[in-house]
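Hi,

Here is the model I promised to pass on.

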Amino acid sequence: MARSYYSTTIDVPLEAVWAVARDFNGLATWWSGSVSASRIEDGRTGDSVGAIRRFTFGTDEIREHQLELSDISHRCVYEFCEPAPFPVTDYVATLQLTPITDGDRCFVEWWADFESEADKLDYWRGFFASEVFAPAVASLRAYLTA
């Protein structure tokens with residue numbers, strides 16, 4: 001099992017970051033330039049565990065299933081729906097927010113555990129961290145501080 005990991009801080013209180021990030025259907029609202037046309041399937045809402053979101057990432061259409069949403073832990077866990085949009089298996093991602101009391105900021109962690117062909121593990125570790133999680137958090141930060 002491989003893990004791709006990204007962390008940073010956002011100079012905004014945790015409650016404000018979580019209010020935006022907890023909406024499983026909110027990607028198209030704050031992830032400028034990368035995500036469009038997001039919707040939740042089957043009439044569910046973006047805050048319901050079990051929801052499936054369908055969105056466009058660049059030119060790819062991706063479906064993800066929300067496994068956990070915790071307003072206490074400020075955590076969202078989700079997995080790819082089949083067919084996976086990338087050649088990885090058992091992909092489970094976690095977005096975790098933690099308050100930083102010194103300055104009323106927020107610590108953001110985003111990681112994914114997955115399987116892949118052995119010779120591609122390093123590529124996918126780097127890809128998810130630098131091409132997915134980092135730009136997503138940068139867009140979230142820009143949205144919240146605009």
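When I say helix or strand, I mean DSSP runs (H or I with at least four residues for helices, E with at least two for strands), numbered from the N terminus. Residue numbers start from 1 along each chain as its sequence is written, and side-chain values use heavy atoms, with hydrogens and water left out. Bear in mind that this is a predicted model: local features need pLDDT of at least 70, side-chain atom pairs count only at pLDDT 80 or more, and totals for chains, interfaces and linings use all residues.

Let's start with the loop between S6 and S7, where aspartate 104 sits. Aspartate 104 has a phi near 55°, which is positive although the residue is not glycine. With a relative accessible area of 45%, aspartate 104 is partly exposed (buried is under 20%, exposed over 50%, partly exposed in between, using a 1.4 Å probe and protein chains only). The S6–S7 hairpin has four residues between its strands, and glycine 103 there also takes a positive phi, near 100°.

Now for the strands themselves. S6 and S7 run antiparallel and are joined by 10 bridges; two strands pair if DSSP finds at least two bridges between them. Within that pairing, leucine 95 has tryptophan 110 of S7 as its bridge partner. S7 also pairs with strand S1 (residues 2–10), again in the antiparallel sense, over nine bridges. There, threonine 9 stands opposite phenylalanine 107 in S7. How enclosed is S7 by the rest of the structure? Largely, because eight of its 11 residues are buried.

Leaving aside residues up to four places away in sequence, aspartate 113 touches Met1, Ala2, Arg3, Asp90, Tyr91 and Val92, where contact means heavy atoms within 4.5 Å.

Glutamate 82 and proline 83 are joined by a cis peptide bond, with omega about -5°, and proline 83 lies between strand S5 (75–80) and strand S6 (89–100). Aspartate 42, in the loop between strand S2 (35–40) and strand S3 (52–57), has a positive phi near 60° and counts as exposed at 70% relative accessibility.

Cheers
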